[in-house]
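Subject: Handing over the structure

Hi,

Here is the structure I promised to pass on to you.

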Amino acid sequence: MKLTNDHIDYIIKDLHYRGVVYEGLQDELIDHICSAVEKEMQAGGKFIEAYHETLKAFGHTSGLRATQHQTLQSENQTAKIMLKNYLTIALRNLRKHRFYSLINILGLSVGVAVCLVIALFVVNELSYDRHHEYAHRIYRVKSEIIFGGNHWNMTFAPAPMAAALPEEIPEVEAAVHFRQRGSYLVKRETENTKESNVIWAGKDFFKIFTVPVLEGNVEGILDEPNTMVVSERTAKKYFPGESALGQTLTLDNQLNLKITGVYEDIPANSHFHFDFIISTAGLEEAKQTFWLSNNFQTYMLLREGADAKAVEATLAKLIAKYAVPQFSLIMGEGATMEKFTEGGNKLEYTLQPLQDIHLKSDLQGEFEPGFNITYVYLFIAIALFILTIACINFMNLSTARSANRAKEVGVRKVMGSFRSHLIRQFLTESTLLSLFSFIIAIGIAYLLLPLFNNLADRTLFIPFGNISFYAVLFAGAVVTGLLAGTYPSFFLSAFKPVNVLKGQVSLGMKSGFIRSSLVVFQFAISIVLIIGTIAVLSQLNYIQNKKIGFNKDQVIMVEDTYALGDQRMAYKNEILSNSMIVSGTFSGYLPVAGTWRNDNPWWAEGKDYKQQENMVSLQNWEVDYDYIKTLDMTIKEGRDFLHAFPSDSTAVILNETAARNFNFDGDPIGKKVVTFADRDMSPDKLNALTVIGVVENFHFESLKENIGAVMIYLSKRLQGNLSFRFQSQDTRAVIDLLESKWKAIAPGQPFTYSFLDDRFGNMYAAETRLGKVFAIFAGFAIIIACLGLFALTAFTAEQRTKEIGIRKVLGASVGSIVVLLSKEFTRLVLISFVLAAPFAWWGVNKWLEDYQYKIELGWTVFLLAGIIAFLIAILTMSFQSIKTAISNPIDALRNE
């Protein structure tokens with residue numbers, strides 16, 4: 001008696017259930033068992049009894065055990081066959097549903113590309129200063145000083161501190177101090193070149209920092225005065241094809257320095273980049289013993305195992321030993337730290353880890369602008385959010401298309417597939433899609449990097465030659481595929497074959513709710529990014545248009561005027577004779593970052609300077625007669641400096657903050673302010689100036705800072721930049737005029753200039769970059785979310801084709817059908833806005849806390865963001881909705 005097909009199907013399923021056979025390797029065993037069952041049935045037995053007797057017999061014979069053993073031995077081959085099967089079906093499904101596959105791959109590719117760019121950026125930011133061998137033991141001294149109504153957080157410390165640290169504190173192995181003196185004109189023979197990366201440094205620089213010396217003996221390399229070391233690129237620049245060692249360069253036409261070494265170029269991921277390091281052995285300022293003047297950046301190398309907090313405590317004792325006795329110069333005999341702090345003052349020095357400087361420091365006197373660790377965390381969050389949005393697209397489309405794949409699931413289950421096999425199949429599809437997306441993402445990231453580098457002011461690159469890079473990408477692709485495919489695979493594999501083959505497929509409220517929740521989450525993230533972008537751009541617009549107390553437009557600054565020598569005034573007068581020029585002023589003190597600053601304590605005449613509340617610490621700016629006119633400042637009280645009054649050589653103009661801090665009795669005009677005449681702070685040598693005017697407060701630091709006290713007085717010498725206000729709209733003609741006159745007076749000296757408004761804008765370069773990056777990331781988030789929304793709208797329209805056809809036959813208009821297809825998703829976008837607005841409000845307000853002068857975060861920002869998101873969603877949905885609404889209903893109903 002022969003077995004029927006039903007008998008054979010029963011045997012196959014039962015053996016699968018018992019775990020005896022595996023897909024792809026069952027034919028030999030099944031044939032063996034079927035032959036035995038047929039023999040039993042021919043002997044007169046029924047099928048079920050014959051089958052169980054056969055199994056019982058095979059269980060006690062070597063046949064079945066041998067077959068099982070062979071099967072187990074062939075697991076590797078099984079895995080290969082199953083994987084091939086999964087891949088084949090996965091590729092077939094991707095080709096079959098090209099539209100949805102394209103949406104998924106495109107969305108995921110863009111998301112991964114953005115994540116890859118952000119990951120490269122984050123890794124780069126976290127790598128700063130970690131190339132130094134002793135990075136974990138290097139600390140910078142930072143100072144916090146409250147005195148005379150001012151509050152400073154600085155990188156500066158007293159000049160003698162570096163020498164005292166290793167001598168007084170056993171835990172300090174070495175210390176070095178730096179002194180910045182601005183840019184220099186450098187020449188080998190006759191032609192000068194302006195160089196900005198110049199620093200004066202102590203002899204232990206190379207002992208503390210890992211900067212390889214290529215030429216010269218590192219021992220004693222900075223011990224001698226009038227010596228310096230230069231970077232490799234500088235050596236090649238000034239001494240092409242020859243050794244720079246032992247050569248001489250001239251700085252500012254007067255300082256001859258011998259090169260004692262050449263060092264490797266400092267890496268990009270460093271918080272300082274010096275091309276010239278000059279020995280402080282030749283700097284008189286470095287030899288002073290005055291502990292109340294803070295002008296040097298000081299770094300120290302702690303011994304292995306030293307406790308930084310313990311060193312801080314010892315440092316406080318060092319200050320008490322050397323600085324406090326000098327308080328008597330301003331507080332009288334018996335001065336103590338306690339008396340100093342009782343008046344609300346503060347003098348504190350703490351240690352800052354080297355590896356924290358780039359991301360966690362924004363102090364006065366930083367070598368270079370750093371970055372903010374908060375922004376790093378923010379970029380990481382944005383990357384994860386964008387990747388999440390892309391993964392949500394995959395999950396939404398997979399579950400939304402579940403009805404289309406229900407029959408496939410039912411048939412596969414009837415044919416013997418276990419749920420675990422179906423889960424593996426769907427996970428294979430999602431992982432394969434993820435791998436395709438990651439490959440495309442590398443190309444997109446490669447195209448995005450130049451744009452991002454330009455915005456972020458970095459030189460990031462994709463490490464194509466690094467095997468670890470590919471390993472991480474592959475792992476990321478697999479993890480992303482598994483995460484994105486987990487929910488759809490479990491959801492789809494749970495269908496019951498009996499129901500789906502009868503056409504009774506119910507996706508359930510749970511599936512719809514989860515899908516709607518994911519859409520809400522997508523757009524909530526996008527709306528938060530939109531609100532953040534609008535807020536950042538609004539703050540930047542506020543900064544650019546706020547009344548800042550001076551007119552920054554149409555002012556050009558000619559730099560390095562000391563190169564003109566005694567022809568400076570002749571140059572100024574020659575330029576002023578041109579009708580394009582309104583006025584000009586000599587001063588290195590300008591209300592933009594990167595110009596001179598000088599702070600000293602003063603007090604009102606007649607008040608006791610030993611009483612701390614009478615001391616006013618303020619900026620002391622030396623200017624000429626045309627300063628206020630050229631910068632278009634406003635005199636609130638009194639008058640400007642005038643040539644007609646010779647006594648103005650001892651006059652001073654205060655800003656409103658300074659006039660208020662001096663607490664004059666009555667009108668400040670005519671009052672005198674007093675300070676010490678020399679560094680010894682001798683009460684017998686005082687300098688007094690008469691107040692002739694009060695100028696309106698003007699911003700001279702970032703809008704993150706309150707406006708401090710400033711006093712302006714006439715300089716006895718011409719120095720600093722020469723700034724001209726011009727009225728011509730032909731800026732090029734103004735530049736040509738300045739340059740031609742310069743070259744006529746100072747041939748061989750470099751002509752450099754900048755615009756005051758550009759220098760002002762540079763103070764907010766980080767915020768400007770942040771705004772642009774935010775806008776780009778928000779755009780990507782919206783694009784990816786809209787891709788998913790577009791696909792879901794298309795799928796919804798596809799599922800409701802017959803319904804729409806019936807509605808049109810019954811008289812429904814195109815508009816009503818568009819509304820029908822769009823209203824559900826429109827409701828989800830509105831919910832997204834309601835959920836996103838509070839989070840965005842909190843985040844933007846936290847960011848604005850850094851600014852003393854800032855926008856009011858009104859409802860218009862949120863309304864604008866909501867309108868933008870709503871319009872984008874409507875435009876995304878309308879194409880597919882209108883296409884479906886205007887279709888011919890006959891095409892939808894012809895098969896009914």
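Below is what I found in it, topic by topic.

First, some background. This is a predicted model, in which local features need pLDDT of at least 70 and side-chain atom pairs count only at pLDDT 80 or more, while totals for chains, interfaces and linings use all residues. Residues are numbered from 1 along each chain as its sequence is written, and side-chain values use heavy atoms, with hydrogens and water left out.

**The chain as a whole**

The chain has 29 helices and 25 strands. Both are DSSP runs numbered from the N terminus: helices are H or I with at least four residues, and strands are E with at least two. Of the 896 residues, 52% are buried. Buried here means under 20% relative accessible area, exposed means over 50%, and partly exposed is in between (1.4 Å probe, protein chains only). The accessible surface is about 42000 Å², and carbon and sulfur atoms hold 56% of that; these areas come from the Shrake-Rupley method with a 1.4 Å probe, and for residues only the protein chains shown count as cover. Among contacts with a separation of 6 or more, 79% are between residues 24 or more positions apart, where contact means heavy atoms within 4.5 Å.

One place to look is an open sheet of four strands, in the order β16-β24-β15-β25 with antiparallel pairing. Two strands pair if DSSP finds at least two bridges between them. The edges are β16 (581-587) and β25 (753-755); each has a single partner strand, so one side of each is left without a neighbour in the sheet. From one strand to the next, the twist averages 20 degrees. Such angles run from 0 to 180 degrees between N-to-C directions, with axes as lines fitted to C-alpha atoms, for helices over the stretch in contact.

Within this sheet, β15 (residues 555-558) and β24 (residues 721-726) run antiparallel and are joined by four bridges. Helix α23 (residues 731-745) lies across β15, β16, β24 and β25, and runs at about 25 degrees to β15.

Which way do the side chains of β12 point? Phe276 and Ile278 point one way from this strand (residues 276-279), Ile277 and Ser279 point the other way, and all are buried. In a regular strand the side chains alternate between the two faces of the sheet.

Strand β12 has a parallel partner in β7 (residues 198-201), over four bridges, and there tryptophan 200 has isoleucine 278 as its bridge partner. With β9 (residues 227-231), β12 pairs in the antiparallel sense over three bridges. Here valine 229 stands opposite isoleucine 277.

**Salt bridges**

How many salt bridges does a search of the whole structure find? The count is 30, a salt bridge being a side-chain nitrogen of Lys or Arg within 4 Å of a carboxyl oxygen of Asp or Glu.

- Glutamate 173 and arginine 137 meet at 3.2 Å, N to O. Glutamate 173 lies in strand β4 (residues 172-179) and arginine 137 in the loop between α6 (98-126) and β1 (138-147), so the pair ties together parts that are 36 residues apart in sequence. Glutamate 173 is partly exposed at 28%, whereas arginine 137 is buried at 9%.
- Glutamate 285 and arginine 181 have their closest N and O atoms 3.4 Å apart. Glutamate 285 is in the loop between β12 and β13 (294-302) and arginine 181 in the loop between β4 and β5 (184-187), so this pair ties together parts 104 residues apart in sequence.
- Aspartate 356 and lysine 360 meet at 3.9 Å, N to O. Aspartate 356 is partly exposed at 24%, and lysine 360 is exposed at 52%.
- Lys194, Glu559, Asp560 and Arg759 are linked in a network of salt bridges.

**Cysteines**

The structure holds zero disulfides, a disulfide being a pair of cysteine sulfur atoms within 2.5 Å. For cysteine 115, the nearest cysteine sulfur is that of cysteine 391, 8.7 Å away. Cysteine 115 is buried at 15% relative accessibility, and cysteine 391 is buried at 11%.

Happy exploring!
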